[in-house]
Amino acid sequence: KSSYLFEDPVLDWAGNENSKKRFKSKYDLWTLQSTFRWANKKINENKSNAKKNSNIMINKFFKLTNIKKTKIIHSVNHGWKYSSNSNSFRIKSYWDPVKKIGVCADWFVGPRFESGWISAMDLYQKIKN
């Protein structure tokens, strides 16, 4: 499976990086994204608790997906304190056709990993039309 969307208080989404065909790897590569609420509770101490928080999410991932747990070779925990938006705007991007200027960003759409891409595609469609 290339991605999972969870109904869990800790883990929100997981994407299989191998499915993107950007590179070849003999390892199974995943991006895990926590829920907005859980991240906000943990963000101020994330630097000192990064390994603990990563382990919580990794263990949740294996439990929720029933994928057999293997040795974790490498993991990175990155928290963006000010870049997430729990509530999306009414628009996905902004385009001013007179000034020919546009703005797109993940925070237009919401807290999901792919929100920036959705916003960019929306702006592209506005410019194209």
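Which residues lie nearest the centre of the largest pocket? I looked this up before anything else. W30, T31, L32, Q33 and V76 do, out of 45 lining residues.

**Ground rules.** I am working on a predicted model, where local features need pLDDT of at least 70, side-chain atom pairs count only at pLDDT 80 or more, and totals for chains, interfaces and linings use all residues. Residues are numbered from 1 along each chain as its sequence is written, and side-chain values use heavy atoms, without hydrogens and water.

**Largest pocket.** I noted about 1,500 Å³ of space in the largest pocket. A pocket here is an open set of points on a 1 Å grid over the protein atoms alone, where a 1.4 Å probe fits, with protein on both sides within 12 Å along at least five of seven lines; lining residues have an atom within 4 Å of a point. The volume is the space filled by probe spheres set on the points, which are joined across faces, edges and corners. I then sorted the lining by element: β3, α1 (36-42) and α2 each supply at least two residues. α2 gives the most, with 7 residues. Helices (H or I, at least four residues) and strands (E, at least two) are DSSP runs, numbered from the N terminus. By class I get 19 nonpolar, 17 polar and 9 charged residues. Ala, Val, Leu, Ile, Met, Phe, Trp, Tyr, Cys and Pro count as nonpolar, Asp, Glu, Lys and Arg as charged, and the others, Gly among them, as polar.

**Second largest pocket.** I find about 180 Å³ of space here. I43, N44, N46, K47, A50, N77, H78, G79 and K81 line the second largest pocket. They divide into 2 nonpolar, 5 polar and 2 charged.

**Sheet.** Next I traced the strands. Three of them form an open antiparallel sheet, ordered β1-β2-β3. Strands pair if DSSP finds at least two bridges between them. β1 (3-5) and β3 (30-34) are the edge strands, each pairing on one side only. The twist averages 15° from one strand to the next. I count 5 bridges between β2 (residues 11-16) and β3. G15 has T31 as its bridge partner in β3. Helix α2 (residues 46-65) packs on the sheet and touches β1, β2 and β3 (contact: heavy atoms within 4.5 Å). Its direction makes about 105° with that of β3. Axes are lines fitted to C-alpha atoms, for helices over the stretch in contact, and angles run from 0 to 180 degrees between N-to-C directions.
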